[in-house]
Amino acid sequence: MHISASTLKGNKVVNHHDRDLGKVEDLMIDTSSGNVDYAVLSFGGLLGIGNKLFAIPMDAIKINTDKKCCVLNVEEERLKDAPGFDKDEWPNTSDAKWQSTIRDYYSA
C-alpha cells in the first residue's frame, strides 16, 4: 500500500497507549536512495509556540490508516528527553553520528 506524503503531513502522532505525542510536520527523503528516512514530529509547547522538533526514523513509526494517525511506541517522558531541534536550526541529517544517535534512541 502507498500513501502520499501530503496525507501524512499534519497527522496526529500517538503512542501505543493512544496518548497524543504531537503531529507530523514534514518528511525527510534520502536523495541518494529516494527513501523516506525520517518523519519530523512537533511536540510540546502551547498552541504551536515553543514546539520542539524531532526526527523519528520511519522504521519506528507505524501508520494507522483507520484512525488516520501515526503510532510511535515511546512514552511521553522519553520523547521529552529525546534529541530534538529548533525549527530554525535543523541538524545535519547526513551526519553518520547524528543518524546513529537517532536510530539508537528510537531502537530503529
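**View 1. Strands β2 and β3 pair in the antiparallel sense through six bridges.** Strand β3 covers residues 36-43. Strands, like helices, are DSSP runs numbered from the N terminus (E, at least two residues, for strands; H or I, at least four, for helices), and two strands pair if DSSP finds at least two bridges between them. This is a predicted model, in which local features need pLDDT of at least 70, side-chain atom pairs count only at pLDDT 80 or more, and totals for chains, interfaces and linings use all residues. Residues are numbered from 1 along each chain as its sequence is written, and side-chain values use heavy atoms, with hydrogens and water left out. Leu 27 has Ala 39 in β3 as its bridge partner, and Met 28 stands opposite Tyr 38. Six residues lie between the two strands of this hairpin, where Gly 34 has a positive phi near 85 degrees.

**View 2. Strand β1 joins β2 in an antiparallel hairpin.** The strands β1 (residues 12-14) and β2 (residues 20-29) are connected by three bridges. Gly 22 in β2 is the bridge partner of Val 13. Between the strands are five residues, and in the turn Asp 18 takes a positive phi of about 65 degrees.

**View 3. Asn 15 sits in the loop between β1 and β2.** With a relative accessibility of 2%, Asn 15 counts as buried (buried means under 20% relative accessible area, exposed over 50%, partly exposed in between, for a 1.4 Å probe and protein chains only). A polar atom of the Asn 15 side chain is 2.9 Å from the backbone nitrogen of His 17. Setting aside neighbours within four places in sequence, Asn 15 is in contact (heavy atoms within 4.5 Å) with Leu 21, Val 71, Leu 72, Val 74, Glu 75 and Glu 76.

**View 4. Strand β3 also pairs with β4, again in the antiparallel sense.** Six bridges connect β3 to β4 (residues 52-57). Leu 41 stands opposite Phe 54 in β4. Of the eight residues of β3, six are buried. In a regular strand the side chains alternate between the two faces of the sheet.

**View 5. The largest nonpolar core contains 27 residues.** A nonpolar core is a set of buried Ala, Val, Leu, Ile, Met, Phe, Trp, Tyr and Cys residues joined through side-chain atoms within 4.5 Å. Phe 54, Ile 56, Leu 72, Leu 79 and Tyr 106 have the most contacts inside this core. At least two core residues come from each of β2, β3, β4, β6 (69-72) and α3 (96-105). Strand β3 supplies the largest share, five residues. Apart from neighbours within four places in sequence, Tyr 106 is in contact with Phe 54, Ala 55, Ile 56, Pro 57, Ala 60, Leu 72, Leu 79 and Ala 82.

View 6. Cys 69 is in no disulfide, and its nearest cysteine sulfur is that of Cys 70. The sulfur of Cys 70 lies 6.8 Å from that of Cys 69, the closest cysteine sulfur, so the separation is too far for a bond.

How values were computed: A disulfide is a pair of cysteine sulfur atoms within 2.5 Å. A polar contact is a pair of N or O atoms within 3.5 Å; within protein, one must be able to donate a hydrogen and the other to accept it, and residues adjacent in sequence count only if both atoms are side-chain atoms.
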